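Me: I would like to go through a structure with you, one feature at a time. Please keep the answers plain.

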Amino acid sequence: MRDYDTIRYDVDDGILRLVLDRPDRMNAFTLSMCEELQDAYARASDDDAVRAIVVTGSGKAFCAGMDLGVEGNVFGLDESRRPVLADLAAAEVDPAVERGVRDTGGKVTLAMYDCRKPIVGSINGAAVGIGATMTLPMDFRFASTAARFGFVFGRLGIVPEAASTWFLPRIVGIEQALEWFYSADIFDAQIALDKGLVRRVCEPDALVEDAVAFARTLVTDRSPVSVALIRQMTWRNSAQPHPRHAHDIDSLAVFYTALADGAEGVRAFREKRPAAFSSRASDMPSFYPWQDEHGRPRG
C-alpha cells in the first residue's frame, strides 16, 4: 500500500511529515485511515530516507475521533461473533478475528510502538477519542494553543481503546489517567502541559516547524540503528518485570552496535572528527526483534 486517501506521507531532509488528511471531516478516523497509518509506520521503519516522524493534522483539527457517520458498525466490528481472549492471544490469529474483533485504534498504536523511528506529535487542534489515544505512543507531543484533548469513551458507553490503558498511565500516572477516563472531559493544551501529557505548547503558526526542528535534534549525527534500538529498548524494557530482562537485551544491543557504528564512533572520538555512521534502520542486528507481536520472547 503506497497510495493513500486519508493521510499524506511527505519526506523532506530526513523528516517524515505524516499528515492526517480528511480536513472536511476534522480528520475523523476510519477503517481506511487505520490501514493507511499501519502501512505508513511500517514503511517509515524501512525507509532509510526517514530519520524521524512528525505527525499532524490537516486543517483545524488533529483528529476528532472515530467517524461516527459511516455506514454499518462504525468500529468495524463483526457483530455476529462472540470472541474470547484466546481468539486474540493465539500465535496465529484468525484473519476474520483480525478484521472483525481487533480494535482498529490498537492496530495503529501497536504499529507506532513497533516503529523504529522517533515520533513527535504536532497536535494542531481537537484530539478526541482515538485522536487522543493515537498520540500516546509518540515519543514527544507538541500542542498548539488551539489543541483540545478528550478521552471521551465513557460518554459513548464504551471503554478506552488503542492500548491507552497501557500507555497513558506510563505518561501521566494512574490517578490522572483514571480521572481523564472516568470524567471523559475535554481539556485544553495548558492542562495537558501541566499534567505532563505534552512537552510544549506552541502558537499555531509555529507548531509544526517547532516540532520538526526538535525532531532533527534527536537524529542529526546519530546512528540510525542506535536510534532505532534506543526507541525499542526504552519502550519495551521499561515494561519488563525484572531489570535482568533489560540487561540481557542491553548486552546484545551493545555487542552488535559495538561491532558496527560503535567502532566508527570510537574512531571518530579518538580522531576528534564527526562520526560517519553507515548503518541503516532497514537492516537491524540479527537479534532484533527480540519479542513477537504478543510481547513474547523470541529465541
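This is a predicted model: local features need pLDDT of at least 70, side-chain atom pairs count only at pLDDT 80 or more; totals for chains, interfaces and linings use all residues.

Me: How many bridges join E2 to E3?

Reply: Strand E2 (residues 15–20) and strand E3 (residues 52–57) run parallel and are joined by 6 bridges. In one of the pairs, Val19 has Thr56 of E3 as its bridge partner.

Me: Changing topic to helix pairs: at what angle do H4 and H10 cross?

Reply: The axes of helix H4 (residues 104–114) and helix H10 (residues 224–237) cross at roughly 125° and come within 9 Å. The two helices are therefore oblique to each other.

Me: Which residues make that contact?

Reply: On the H4 side they are Met112, Tyr113 and Asp114, and on the H10 side Arg231, Gln232, Trp235 and Arg236. By class, the contact of H4 with H10 has 3 nonpolar, 1 polar and 3 charged residues.

Me: Now H12. Which of its residues are buried?

Reply: In helix H12 (residues 261–271), the buried residues are Asp261, Glu264 and Ala268. Viewed down the axis of H12, these residues fall within an arc of 55°, so they line one face of the helix.

Me: What do they pack against?

Reply: The buried residues of H12 pack against H10 and helix H11 (243–259). The face of H12 turned away from the buried side carries Phe269 and Arg270, which are exposed.

Me: Is Lys272 buried or exposed?

Reply: Lys272 is exposed, with a relative accessible area of 77%.

Me: Then Ala162: where is that residue placed?

Reply: Ala162 is in the loop between strand E7 (148–150) and helix H6 (164–172). Ala162 also has a positive phi, of about 60°, and is not a glycine. The relative accessible area of Ala162 is 0%, and the residue is buried.

Me: Which residues does the cis peptide bond join?

Reply: The cis bond joins Tyr288 and Pro289, with omega at about -5°. Pro289 is found in the segment after H12. In general, most peptide bonds are trans.

Me: One last residue. Where is Val97, and what does Val97 touch?

Reply: Val97 is in helix H3 (residues 95–100). Leaving aside residues up to four places away in sequence, Val97 touches Arg81, Asp87, Leu88 and Arg102. Val97 counts as buried, at 2% relative accessibility.

Me: What separates the C-alpha atoms of Val97 and Gln240?

Reply: The C-alpha atoms of Val97 and Gln240 are separated by 28 Å, and the two residues are 143 residues apart along the chain.

Key:
Residues are numbered from 1 along each chain as its sequence is written. Side-chain values use heavy atoms; hydrogens and water are left out. Axes are lines fitted to C-alpha atoms, for helices over the stretch in contact, and angles run from 0 to 180 degrees between N-to-C directions. Helices (H or I, at least four residues) and strands (E, at least two) are DSSP runs, numbered from the N terminus. Angles under 35 degrees count as roughly parallel, over 145 as roughly antiparallel, 65 to 115 as roughly perpendicular and the rest as oblique. Contact means heavy atoms within 4.5 Å. Ala, Val, Leu, Ile, Met, Phe, Trp, Tyr, Cys and Pro count as nonpolar, Asp, Glu, Lys and Arg as charged, and the others, Gly among them, as polar. Two strands pair if DSSP finds at least two bridges between them. Buried means under 20% relative accessible area, exposed over 50%, partly exposed in between (1.4 Å probe, protein chains only). The arc is that of the directions from the helix axis to the C-beta atoms.
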